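Colleague: I am new to this one. Can you walk me through a pair of helices and some charged contacts?

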Amino acid sequence: MPKFSALGQQLGRAAHGPEWEKNNQDRIIKFGEYVYRLIFHSGVSAYGLWYFRDKSWWNSELGGTKNLWMMHPNHPVEPGMTWYYLVQCAYNVDALLSLIELSFEFEWVNPLSYSSAIEFLEKEHVVNESQRKKQVLNLMVRSKQQTVFWTPFFQIKWSPTVRGDFREMMAHHIVTNVLIFGSSFYRFTRIGSMIFLIHDLSDVPIDMSKLANFVKWKITTITCFVVMVLLWVLTRLTIFPFVIFRSVLFESYEYMVVKGKLDPALYEAYCYIFYALLGALVLLHVTWFLILLRIGWTLVSKGETHDYSEHKSGEKQGIKKTN
């Protein structure tokens, strides 16, 4: 990703001058991350559209989503599906680890300084225990960044590159990885591949809009944003809940248990876990859509492009030049 970040550095410098480069190091780092994501999402989307173009579970004339459950768990897993799953698994595990790396900073703390701080506060006759501990923490943490976890020996702080929607994204990565390993173990690769594809397709304009916004190309950002919203509504707010999730809720039991050979007790032992995980994805998609509406409202009402998924309070709008 350093080479991709260097590309963002060159584009930003060319568009806005050397002063922009000095004041936007965090943007340059994230630019590299999203170039990598754009390459991945574009590649797997193209492969998915080609590989699944004639699969029965995507074709309503051949039975559509009913084929996700009929003859389960005896679905043949072709080499193309195996590699598709392996690549997706590797990417999503890496995305989880990268989110942690970009969100937190680790620092060692001198325990002797902690002891000195306690002695100092005791001499000052701070009687209230909670007040004393709070003041010790204030003395020890000299950084302006918010501390996530602190001990007398080390502290974990938010990184300058932390996302504005860190909690939602962390929850999404955890749920996604559990679903990937669960669907692979229980041979639900067909429905897993459908979820992969609709996410990857909607991620392409997301990555493009973020890249344009990082270097503040306003017109390009707006164009990609409009495409992103339309694809988000089509894939994550329509196909996912009303086609895929609906099939899980209403067709899986019929074709695996009633018309299939799966033991009802075995089905009920695991179905609610998958219901909860998929339902969590639906809620996260709605949450992010509300963030998109907020971005759109700010754009319409103020004429400013603020990525609230990266910056909760908005961004500085000091650059006038657009592309």
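Modeller: First, a term: axes are lines fitted to C-alpha atoms, and angles run from 0 to 180 degrees between N-to-C directions. Keep in mind that this is a predicted model.

Colleague: At what angle do the axes of helix α3 and helix α4 cross?

Modeller: Helix α3 covers residues 25–51, and helix α4 covers residues 79–103. Their axes come within 12 Å. They cross at roughly 165°.

Colleague: Is α3 roughly parallel or roughly antiparallel to α4?

Modeller: The axes cross at roughly 165°. Angles over 145 degrees count as roughly antiparallel. Therefore α3 and α4 are roughly antiparallel.

Colleague: Is the crossing of α3 and α4 left-handed or right-handed?

Modeller: Handedness is a separate matter from the angle class. α3 passes α4 in a crossing that is left-handed.

Colleague: Which residues of α4 meet α3?

Modeller: The α3 side includes I29, Y36, R37, F40 and V44. By class, the contact has 11 nonpolar, 4 polar and 3 charged residues. On the α4 side are G80, M81, Y84, V87, Q88, Y91, D94 and L102.

Colleague: R37 is in that contact. Which residue does R37 meet in a salt bridge?

Modeller: Side chains of opposite charge can pair when their charged atoms come close. The structure holds 7 salt bridges. In one of them, at 3.8 Å from N to O, the side chain of R37 meets that of D207.

Colleague: How many residues apart in sequence are D207 and R37?

Modeller: R37 lies in helix α3. D207 lies in helix α8, residues 189–214. So the pair ties together parts whose separation in sequence is 170 residues.

Colleague: Is D207 buried or exposed? And R37?

Modeller: Buried means under 20% relative accessible area. D207 has 0%, so D207 is buried. R37 has 14%, so R37 also counts as buried.

Colleague: Now the salt bridge of E251 and R246. Which partner is buried, and which is partly exposed?

Modeller: Their side chains meet at 4.0 Å, N to O. R246 has 42% relative accessibility, so the label is partly exposed for R246.

Key:
Residues numbered from 1 in each chain as written. Predicted model: local features only at pLDDT ≥ 70, side-chain atom pairs only at ≥ 80, totals over all residues. Heavy atoms only, no water. Helix = DSSP H or I, 4+ residues; strand = E, 2+ residues; numbered from the N terminus. Parallel < 35°, antiparallel > 145°, perpendicular 65-115°, else oblique. Left-handed = near helix turned anticlockwise from the far one by under 90°. Contact = heavy atoms within 4.5 Å. Nonpolar A, V, L, I, M, F, W, Y, C, P; charged D, E, K, R; others polar. Buried < 20%, exposed > 50% of the residue type's maximum accessible area, 1.4 Å probe, protein only.
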